[in-house]
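Me: Please go through this structure with me and say what stands behind each term.

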Number of protein chains: 2
Amino acid sequence: MGRWPDFVQVKEVGPRDGLQNEKKRISTSDKVQWINTLSESGVKEIEYSSFVHPKWVPALSDAHEVGKRIKRHPGVRYSALVPNMKGLELALEAGIDGASVFMSASETHNKKNINKSIDETYPVLEEVIKGAKKAGKHVTGYVSTVFDCPYEGRISPQQVLKVADRLIEAGVDDLSLGDTIGTAVPSQVDQLLSEILERFPSEKIIMHFHDTRGMAIANIMRSMEHGITRFDSAIGGLGGCPYAPGAAGNVATNDVLYLLNGLGIKTGMDETKLQEAALFIQSKLGKSLPSKSLAYAASQG
Amino acid sequence: MGRWPDFVQVKEVGPRDGLQNEKKRISTSDKVQWINTLSESGVKEIEYSSFVHPKWVPALSDAHEVGKRIKRHPGVRYSALVPNMKGLELALEAGIDGASVFMSASETHNKKNINKSIDETYPVLEEVIKGAKKAGKHVTGYVSTVFDCPYEGRISPQQVLKVADRLIEAGVDDLSLGDTIGTAVPSQVDQLLSEILERFPSEKIIMHFHDTRGMAIANIMRSMEHGITRFDSAIGGLGGCPYAPGAAGNVATNDVLYLLNGLGIKTGMDETKLQEAALFIQSKLGKSLPSKSLAYAASQG
């Protein structure tokens, strides 16, 4: 029977991965207030926005202003998605602590998402990684569709390794491996992580699960049994795709914390503060967020 | 790293554990049509109703008529909850194949639920078990609140073992161990199952998870790593408590099947048929059921 680690670090991606997929727009002031609350939860990293061109992600077009206005909490790394040098320039000006670059392990998904082949994407990312490192910033490399691709189906660990190797060579500090469409089951986690962890130490690997089929918590459990100690999650389970009603968002930070607390794993995070942040954004979005732990806690007053 | 079994048997409890907690009443004809659809899904057992006094569970007051009217599908065991000899008499007349008796591992929960102490409950159940076995029926013993009790908090494996021993001695064929309030995490599964499986063979143990905090799939995964091959679930994740908005129902059969299919575990069950049954009852209840796999599949048409 697999065991789990003593300490786990959760990165809050709700303000970026969550909000970018919500139909309802949140005002800049509300975002700032919300991120300030999240900052007090004990979380060590918040991906607070994206410097992708506003044409592609209009919900996050205020990335620069949000970065300027949030209160920097000591001990929290504020990172943002950075697609290219123009984005990096703006992000540095806004005062990011970390830059996240991104690409897909699937050729077709990368093409649809970034409008470039995988080989055409590398030089762009390499430039951003170099620039961010030169500015003394932490750099995370997101690899999406590491299990399944909506266009190509099953993605082999070898495809993921190829992209991972290239990003590590280019200088990223760590890799976040994404179950972008939330299809994976624990056997797929086994297949991928047994290959990945032969190549990279577990501290460099972050697992990023979406909960489209309700498998995310089981996949996190399984990842921890492989020694993984870092996970991305979004408060309340924010996200999903406005064009696919059933598509769920990131695994909910609240549910992850329920699991970790239950297992006696240290996180340094405060459930009550998280719940406050979740209820705040839930009221601003005007809809119930999918997190079951949150729904239960909220029903108990 | 724990492995999982090759074959798992799922018992559908939606018509009983699911419906008993839904506010909206379903007509007898709709129940019959729905159970007939479920019967074609490849499921091996359906707990189709309860012979508890209608005063306590008005939603299932038509247990007798439903039993008479459903089409018996070969290879499916039709069971029902039976609280006492009066219930058994009616249930046998309605043609049950299996009787489920029930009690709690928690003294206070048992008292609140059955209005008897644990010691006062045994003789009643023993009479029912003896009667049902004499009539040649399969008997399952439900033990509820095996992890946590809303009144007493943490329940020790020893408390569960005491009740389990007594029920096995009384002649039940198997035991269904219930995470009634859906609070357990995988470490609790470890603690309980390591004790239980020293005493009983895994074939006699059914795990029954509710998904109140979104932990059920991870707990099923963990139970399978202990060698458990039998689970209760409700189509669509039916259930929850009308008096506690956040309280979720049983783990969704659809999500369980997504997990099992993904792991390559045989179940003999047909996803499409299950989805049909889920969408049917969802439309009759007039609300979205919590299953994520169902929501996703439904959104894809």
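Reply: Just after H10(A), Gly264(A) takes a positive phi of about 80 degrees; helices (H or I, at least four residues) and strands (E, at least two) are DSSP runs numbered from the N terminus. The model is predicted: local features need pLDDT of at least 70, side-chain atom pairs count only at pLDDT 80 or more, and totals for chains, interfaces and linings use all residues. Residues are numbered from 1 along each chain as its sequence is written, chains are lettered from A and ligands numbered from 1 in written order, and side-chain values use heavy atoms, without hydrogens and water.

Me: Why is helix H10 of chain A called largely enclosed by the rest of the structure?

Reply: Buried means under 20% relative accessible area, exposed over 50%, partly exposed in between (1.4 Å probe, protein chains only). Nine of the 11 residues of H10(A) are buried, so the helix is largely enclosed. Among the buried ones are Thr253(A), Tyr258(A) and Leu263(A).

Me: What makes H9(A) oblique to H9(B)?

Reply: They pack at an angle of about 50 degrees, with axes 7 Å apart; axes are lines fitted to C-alpha atoms, for helices over the stretch in contact (heavy atoms within 4.5 Å), and angles run from 0 to 180 degrees between N-to-C directions. Under 35 degrees is roughly parallel, over 145 roughly antiparallel, 65 to 115 roughly perpendicular and the rest oblique. Therefore H9(A) is oblique to H9(B).

Me: How do you know that E5(A) and E8(A) pair?

Reply: Pairing needs at least two DSSP bridges between two strands. Four bridges join E5(A) to E8(A), which run parallel.
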